[in-house]
Structures are given as C-alpha cells and as structure tokens.
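Could you walk me through this fold, beginning with a helix and moving on to the sheet?

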Amino acid sequence: KPYLLTLHGGNLPKFAQRWPGRVRRVLHSANSVTTPSRYLQHAFRDVRNDIVLLPNPLDIAHYPFAIRRQVRPRIAWLRAFHRIYNPSLALLAISRLVAEFPEIQLCMIGPDKKDGSFQEVQQLVEELGLEANVTFPGKIEKAAVPDILTQYDIFLNTTTAESFGVSVMEAAALGIPIITTDVGELPYLWKDSHDALLVPSDNAEAMANAIRRILTEPGLADRLSRNARAKAEQYDWSVVLPQWEALLASVLATRVH
C-alpha cells in the first residue's frame, strides 16, 4: 500500500546525523514525505528533494480575535515543562522587569515531562522572589486553550528547537503579541517586528527588552496583533485541507497507474 510520512520535531536533523542510514531508508521508502516546516524541508533536501510543505492547520473559528492596544503586563507561556522548551528563560526575563512593572503576571501552562525542569522552575521562582508573579495551572485540554490564552496580552515562546510551533500559531490566531526565540522553523515563519518579536535563544535580557517594547512602544502591540492574526488565517483548515486532498489523490493516481 502507498503511504506518506510527515516530518516533525525541531531536533530531527540532529537525530538524522546520529542515524543517517535509518533516516535515509525510511524517507526513501515512502511514496511522499511532507512537513509543516521549511526548516525541516531545507534540512532534509539532500535526502529527498521532493518533500512537500504542508502546514499544521488550525480551526480559526475557535480562536476569537481581539486586537491588543492597551497591553497589560499579563503574560502566557504554553508548552510542556521540558529542557528543550527552556521554561526557566521566561522566569529570568520576568525577573528583570518586576521592579519596573510590579504588577507583572506570568502564567506557565503545561504538563510536567518529568525531566526535572518543573522542579527547577519552581525552585527558581523562590530564588528570584516571584511567588506573587507566577502561576502554574498545569496541563489544560486543547479545547480550553483559546479561553485561557485570551486572558493574556503577551505570549512567550522560549524553546531551543522548533519544527512549527502550534501554540505560537494559536496565540497569533487570538491576536496576542508574540515574543519567540529565533530557532528552527520560527525565523522562517515569523518576521521580526512585523508579526512577532524574535530574540536569540537562551537570552533573558533580550526577551525582557522585547516584553518592555510591547508594553511601552506606541502602536507595536496593535501591529503585531493584527499581522499575527492575518498570518494565522493562512493556516485555517479551509486552506490546508485541499492541499492534503490533492496530495493524497496524486499518490493514489500514481499507484493506480
């Protein structure tokens, strides 16, 4: 039977360097290979030069858009607590802003992946004296993401590797100004100061400065909010599903022939 593979994971190129033969055999065995990531498409172009770019979709109707003009220092972080996502970076950035914005709030949403990251974050909260500024609601259901994120005015993405960033796109769909590290797919997908603010990986000072810009620079939050929503609308199921249908039909037609 014909089958397709989809490439995910910001660290997949490192895996391929460790197991080049396995990866090459698997990719060449598929009738077609897709990825939502131009970063991965580029990284594997020497293995297969026909990898199809197919974005991760959103049901945009589930994400009510609200332009952020009067931005409050209410910040959301949504990932799993794992070292690859570098959750401590969010705390280090916030700690640099508490004196200037004492009412600042950071909500860190996500499950504990049991690699010690969550315990390190909790300890860091105590060391930095951020008990009044940081909350941990834990894991939430996918359907609850829009209702919870819409309560916040800035979204932080601190990851050290990324093949797409669904949570970032969800924030964009809601019109929340985004600050993200510039790793993996993210600089392919987002344009700095247009629809997001991009900062170097593991740079707390740069992330704090980006938060300050959104809170103080006139018109910036409004611009990021509008442009992020426009970007997210390009990833609605109504746009992505026909691309999948066309690809599947093409594979089947080739098989029949």
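In helix α7, the residues S167, V168, M169, E170, A171, A172, A173 and L174 are buried, where buried means under 20% relative accessible area, exposed over 50% and partly exposed in between (1.4 Å probe, protein chains only). That makes eight of the nine residues in α7 (166-174). Helices (H or I, at least four residues) and strands (E, at least two) are DSSP runs, numbered from the N terminus. This is a predicted model, in which local features need pLDDT of at least 70, side-chain atom pairs count only at pLDDT 80 or more, and totals for chains, interfaces and linings use all residues. Residues are numbered from 1 along each chain as its sequence is written, and side-chain values use heavy atoms, leaving out hydrogens and water.

What do the buried residues of α7 pack against? Their partners include β4 (74-78), β7 (154-157), β8 (178-181) and α10 (220-233), with contact meaning heavy atoms within 4.5 Å. After α7 comes G175, with a positive phi near 80 degrees.

Now for the sheet. It is open, with six parallel strands in the order β6-β5-β4-β7-β8-β9; two strands pair if DSSP finds at least two bridges between them. β6 (134-138) and β9 (197-199) are at the edges with a single partner strand each, so one side of each has no neighbour in the sheet. From one strand to the next, the twist averages 20 degrees.

Look next at β4 and β5 (residues 105-109), which run parallel and are joined by five bridges. Here A76 sits opposite C107 of β5. Helix α4 (residues 88-95) packs on the sheet, touching β4, β5, β6, β7 and β8. The direction of α4 makes about 175 degrees with that of β5, with axes fitted as lines to C-alpha atoms, for helices over the stretch in contact, and angles running from 0 to 180 degrees between N-to-C directions.
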